[in-house]
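Subject: Structure handover

Hi,

Here is the structure for you to look through. My notes on what turned up follow below it.

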Amino acid sequence: MSVIADKCPNIKVTVIDIDDKKISSWNDEDLRNLPIFEPGLKEVVERCRNENLFFSTDIKKSISEADMIFISVNTPTKNKGLGAGYASDLKWVESSARQVAEFSQGHTIIVEKSTVPVKTAELIQEILKSSRSSDEFKKTFSVLSSPEFLAEGTAIKDLENPDRVLIGGEDQDAMESLSNIYKNWIPKEKILNTNIWSSELSKLTANAFLAQRVSSINAISALCETTGAEISEVVKAIGSDKRIGSKFLSPSPGFGGSCFKKDILNLVYLCRYYGLNDVANYWEQVMLMNNWQKHRISSLIIQKLFGTVSNKKILILGFSFKPDTNDTRESPAIEISKDLIENGAELLINDPAVSKMQIEMELGLKEFENNNRNIGKWQFIADIDKSANNADAIVVVTEWEDYKNLNWRKLSDLLRKPSWIFDTRGIIPISMLKELSSYYWQIGSPSINN
Ligand code: UGA
């Protein structure tokens with residue numbers, strides 16, 4: 001919404017939320033307190049806020065004044081009830097639609113921005129229809145689907161220069177109105193019109209394909225380690241085939257983020273719902289491979305450290321699910337850290353953007369605490385050099401730029417010997433790893449000195 005405000009000075013954009021704490025952070029004088037850390041966002045908000053971009057909790061007034069409303073609420077996986085563990089919880093979409101039905105005036109275009117299961121537009125339409133019939137003032141609605149394809153960490157760039165914008169719907173006038181907003185900065189050839197169900201399904205499919213690529217390359221990374229093939233060479237070889245393409249082929253400890261897991265589970269649920277069990281099993285395997293990769297890495301760390309990490313000090317570098325974000329949802333660091341703590345390790349966790357509180361929340365364990373159980377513990381560290389002193393191992397979990405530039409030789413020397421460096425993202429050049437005083441393991445590389 002900030003980027004729309006930035007690109008369309010003639011449009012007034014109001015972002016509303018029921019959470020007044022969140023809205024006050026968006027209105028905070030100090031732009032470092034915005035609720036989301038995203039490169040370039042601060043600058044956009046600074047340019048537009050209180051010019052044509054407003055953040056408010058006045059839901060009634062904002063909805064009644066709006067010509068177009070983007071429903072951009074979260075749709076997490078249901079954790080109980082029908083479809084628990086797979087289906088998306090649409091309660092926020094539904095309550096937003098009810099508020100629109102209640103407070104809107106005249107003609108309103110509703111744009112589904114949240115990632116939703118196919119046919120959600122029907123639910124929104126149904127709710128809006130019931131409002132019209134019981135209202136003495138004439139209200140009319142058009143529902144469109146326009147899913148978002150931005151990735152965290154590059155959100156502003158992705159929005160400014162998207163590969164495509166998707167608009168699904170039936171009402172041509174409404175589609176044109178939305179298209180006209182995007183045409184302010186996006187060439188019209190990149191704006192694709194589809195029917196509403198294709199648009200909803202395309203979003204789930206795009207994420208499923210991307211996640212599938214990560215699971216595929218991660219599966220091959222394990223095979224490389226055992227056969228003597230080198231994953232970077234395999235990636236280069238297959239990526240130069242234009243049909244495969246070179247992007248999104250980096251091996252990793254597993255994909256994280258709020259979207260891939262949720263969307264695949266949702267796709268699996270949809271397939272089962274429509275009786276397509278084999279299709280469901282096919283997509284579920286992408287998730288199973290991802291879980292396998294995370295636990296493969298924690299088991300491998302334990303195994304290399306002589307079969308036990310009890311009371312061993314291990315530095316975890318990176319807790320966010322990818323660099324340039326403070327988002328930790330579904331980050332592979334969570335499972336890997338939990339496994340190691342469960343096995344008695346003392347973790348020293350560093351991340352350039354994630355707070356201590358956030359890590360406590362994800363691990364369900366306070367800093368320094370071990371619940372009096374026979375498990376390990378963790379602490380947040382800011383000084384990597386100091387913490388490496390006498391530690392047993394370093395594990396790179398997120399490929400932050402800062403970590404690429406560390407003095408690996410010095411860090412390795414500080415570790416208690418025999419020590420290990422585990423590079424789960426392949427950020428340290430193999431030529432350098434070979435010269436270190438520690439043993440090393442790098443994802444997708446046949447280990448040479450161990
Ligand atoms: C993803 C999609 O890329 C966006 O197009 C989509 O709009 C978004 O979900 C969404 O549905 O909101 P995001 O989750 O922000 O974006 O981040 P990605 O860059 O896709 O990374 C996801 C995970 O895959 C990360 O943990 C990343 O480390 C991992 N990954 C990515 C790999 O392991 N290897 C790769 O080659 C690429």
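Strand 6, helix 8 (residues 172-182) and strand 7 form a right-handed β-α-β unit. Right-handed means that, with the strands pointing away from the viewer, the path from the first strand over the helix to the second runs clockwise. Helices (H or I, at least four residues) and strands (E, at least two) are DSSP runs, numbered from the N terminus.

Before you read on: this is a predicted model, where local features need pLDDT of at least 70, side-chain atom pairs count only at pLDDT 80 or more, and totals for chains, interfaces and linings use all residues. Residues are numbered from 1 along each chain as its sequence is written, and side-chain values use heavy atoms, with hydrogens and water left out.

Back to the strands. Strand 6 pairs with strand 7 (residues 191-194) in the parallel sense, over four bridges. Pairing takes at least two DSSP bridges between two strands. Ile167 sits opposite Asn193 of strand 7. Strand 6 (residues 165-168) is covered on both faces. Val165 and Ile167 are buried on one side, Leu166 and Gly168 on the other. Buried means under 20% relative accessible area, with exposed over 50% and partly exposed in between (1.4 Å probe, protein chains only).

Now the ligand. The shell around the ligand has 20 residues, and Leu150, Glu152, Lys203, Asn207 and Ser252 come nearest. A residue belongs here if one of its heavy atoms lies within 4 Å. By class, the shell holds 11 nonpolar, four polar and five charged residues. Nonpolar covers Ala, Val, Leu, Ile, Met, Phe, Trp, Tyr, Cys and Pro; charged covers Asp, Glu, Lys and Arg; the others, Gly among them, are polar. Helix 9 (residues 196-227) contributes the most, with four residues.

A backbone N or O atom of Leu150 is 2.6 Å from a ligand oxygen. For Glu148 the distance is 3.3 Å. For Glu152 it is 2.7 Å. The protein covers 89% of the 710 Å² of accessible area that the ligand has on its own (Shrake-Rupley method, 1.4 Å probe). A polar contact is a pair of N or O atoms within 3.5 Å; within protein, one must be able to donate a hydrogen and the other to accept it, and residues adjacent in sequence count only if both atoms are side-chain atoms.

One last residue. Ser337 is in helix 13 (residues 332-342). Ser337 counts as buried because its relative accessibility is 1%. Its side chain reaches the backbone oxygen of Ala333 at 2.7 Å.

Best wishes
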